[in-house]
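Open the model in your viewer and keep the sequence panel beside it. This tour goes from one selection to the next and says what is there.

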Amino acid sequence: MSSVKSRPTSLQIMPKRSRNSEDINPLSSARSNSSGGGGGSNTNSNSYDQHTSNLWHRKSGAGYKLFIDYYSAQPLGVVGVDTDTTNNESTTSSISGGGMSRAALKRRRQKQKKKKKPSSDDGGQDDSKREDGVSNNTSTTTQKRHQQQVDASHPLVQVFNSTTKDNNQHLHMTKFIHALSRPLPLTLRFRQHNIEDDEQKEQSVELKKELAANYSNLISPVLYDPSNSIYQSTSNSNLSKSNLKKISPKLKELIVEGSMNGTLARQELGSMLPVLCLSACGAMKAGSKVLDLCASPGSKTLQALEIVCGNNTNNGSSTKKGRIIANDVHSKRLDSLRDAVLRSGMPTSYTSRITYTNFDASIFPSPKSEKLFDAIVCDVPCGGDGTIRKDKFILPMWSPNISNSIHGLQLKILLRALDLVKVGGVVCYSTCSLNPVEDEAVVSAALRNREDDDDSKTAFELLEWPQDLLPGFIRRPGVTDWKVAYYDQDKKSIDDEDDDFGSLSFVDTYEHAVSVGMSDIKSTFWPNLTKNRHLRLDRCTRLLPQDQDTGGFFLVLIKRTR
């Protein structure tokens, strides 16, 4: 077994931790400080000043403008796509151009147009199929979703429209902003565990039949899932979690009943992806030992449990059931996780395979048995701007300072995960943030940390998206270039003297950030273009809301090769 650097060595079921100064939620702390002066530390501000600053930030609408200005300045591929790019250019493995400037992509498109063959009337390719032969039906459905009415009353749309009225630099974000203005469609997943009870299997079959017969106008299987286990509300229904009871009380009763008897899980698409990817690449299977480092609220823990405790039969014999270590640093969230497991309807023979631990994920102890993990779910605390469509509190308080503040913790957690995975095992790092400072910057820093460590006997590589997973699914590749910024509420914008929202300032280098007094600085914020291409950050996956009418999400598979 490969050696592991010295770490605490006990793994045990921990008692509930007392609430003390060390049990403070770093994400809450980052958000509460996000509206303060980004150009210097605000540790001397008293609680009244901080409360007043946060109240002003929320009421002023500064968060909406900061969000638009920050992401519109990022290279194409971060959240926005070229306005001339159609869904027919999408592929299941990637959509090229991540991190390229708009000018570079424009030049490339001009070259492609010159080489483009005549239309189908002249013998060209049928638009209903891509070059790889996969039908574009999913893209057609996505286009229908784009045609849904935009909520013009949404504050984000209002700020966006006022910003783009005299300035076309934000137009590449139009579909992104419009998608965010709509409520998040309802999604659910039929559980895939192999339960020996034929009655419970029959429940799943019967529920699918009932949905197809009576509710197909409201919810149906997504076209990119061959197993027909992932369901999403239809584009014409506008069905979401918040209006489910109002639109169809009977459907809500069915879904609640199915989630309580173990038939289905109410889970967003982004949340499903880490476990689906770990399973598809072979790292997570029946009998696997899995660590969920930041497990609450528990949807990924339960999804992984279905796989590791499933029956893997060879000549009629079943392998030993796997085990899940579900960890969370906050005792109250751990209690919520236990409650979610009890409510899941999963059989005791499965749920008994979960061990709950209460550790700081960045210093999670090495297993006492010295046997490392087959797969690790590393879904870290994040700024959460991928959850805007369901969490109305994110945008009013949005600031790039949140990502800057939490980047260091995310990096520590990922580095610890890389220590705990066995040779040949895989870590899935993920966030529900679209900010590269929390995504590609963390992944790049972790891999470069391991490459630059002369004493390290470990090596890692980024894996490609599993080839056969969700055919027709639209994913965007990770980017190799991005911009870093900070926000200072007390500083006036140079470009607009009438702007009382403070100043969003972009900094090119670590030295530049130091010179302007930026707080929470880490040298790992900035991209290293040469090394980033070498690391193959394009193998990361960005889930953009406008592609499949989902939330935003980021993930990457990291395999330990020695």
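Select R448 to begin. R448 is buried, because its relative accessible area is 15% and buried means under 20%. The model is a predicted one, and that holds for every stop below.

Now widen the selection to the helix around this residue. R448 belongs to helix α16, which covers residues 440-452. Which residues does R448 contact, leaving aside its neighbours within four places in sequence? Show W526, N528, K531, N532 and L535: these are in contact with R448.

Next, go to R536. This residue sits in the loop between α18 (529-535) and β16 (541-543). R536 is not a glycine, yet its phi is positive, at about 65°. Is R536 buried or partly exposed? R536 has a relative accessible area of 34%, so it counts as partly exposed.

For another positive phi, select N238. Its value is about 55°, and N238 is not a glycine either. Look for N238 in the loop that runs between β3 (230-233) and α9 (244-247).

Move on to helix α8, residues 198-214, and pick out E210 within it. E210 counts as partly exposed because its relative accessibility is 32%. Not counting residues up to four places away in sequence, E210 touches Y215 and L254. Draw a distance between the C-alpha atoms of E210 and L254: the separation is 9.3 Å, although the two residues are 44 residues apart along the chain.

Now select S296 and P297 together. The peptide bond from S296 to P297 is cis, and its omega is near 15°. P297 is found in the loop between β5 (289-292) and α12 (299-308).

On α11, display S271, M272, P274, V275, L276 and S279; on α12, display S299, K300, Q303, A304 and I307. These contact residues divide into six nonpolar, four polar and one charged.

Select α3 (residues 62-72) and α6 (residues 155-164). Their axes come within 9 Å and cross at roughly 55°. α3 and α6 are therefore oblique to each other. The crossing in which α3 passes α6 is right-handed.

Which residues make the contact of α3 with α6? From α3, show Y64, K65, F67, I68 and D69; from α6, show P155, L156, V159, F160 and T163. The contact of α3 with α6 divides into seven nonpolar residues, one polar and two charged.

Finally, clear the selection and view the whole chain. The protein chain has 19 helices and 17 strands. It has 562 residues, of which 52% count as buried. The chain exposes about 26200 Å², and carbon and sulfur atoms supply 47% of that area. Consider contacts between residues at least 6 apart in sequence: 79% of them join residues at least 24 apart.

Definitions and conventions: Residues are numbered from 1 along each chain as its sequence is written. This is a predicted model: local features need pLDDT of at least 70, side-chain atom pairs count only at pLDDT 80 or more; totals for chains, interfaces and linings use all residues. Side-chain values use heavy atoms; hydrogens and water are left out. Axes are lines fitted to C-alpha atoms, for helices over the stretch in contact, and angles run from 0 to 180 degrees between N-to-C directions. Helices (H or I, at least four residues) and strands (E, at least two) are DSSP runs, numbered from the N terminus. Angles under 35 degrees count as roughly parallel, over 145 as roughly antiparallel, 65 to 115 as roughly perpendicular and the rest as oblique. A crossing is left-handed if the near helix is turned anticlockwise from the far one by less than a right angle, and right-handed if clockwise. Contact means heavy atoms within 4.5 Å. Ala, Val, Leu, Ile, Met, Phe, Trp, Tyr, Cys and Pro count as nonpolar, Asp, Glu, Lys and Arg as charged, and the others, Gly among them, as polar. Buried means under 20% relative accessible area, exposed over 50%, partly exposed in between (1.4 Å probe, protein chains only). Accessible areas come from the Shrake-Rupley method with a 1.4 Å probe; for residues, only the protein chains shown count as cover.
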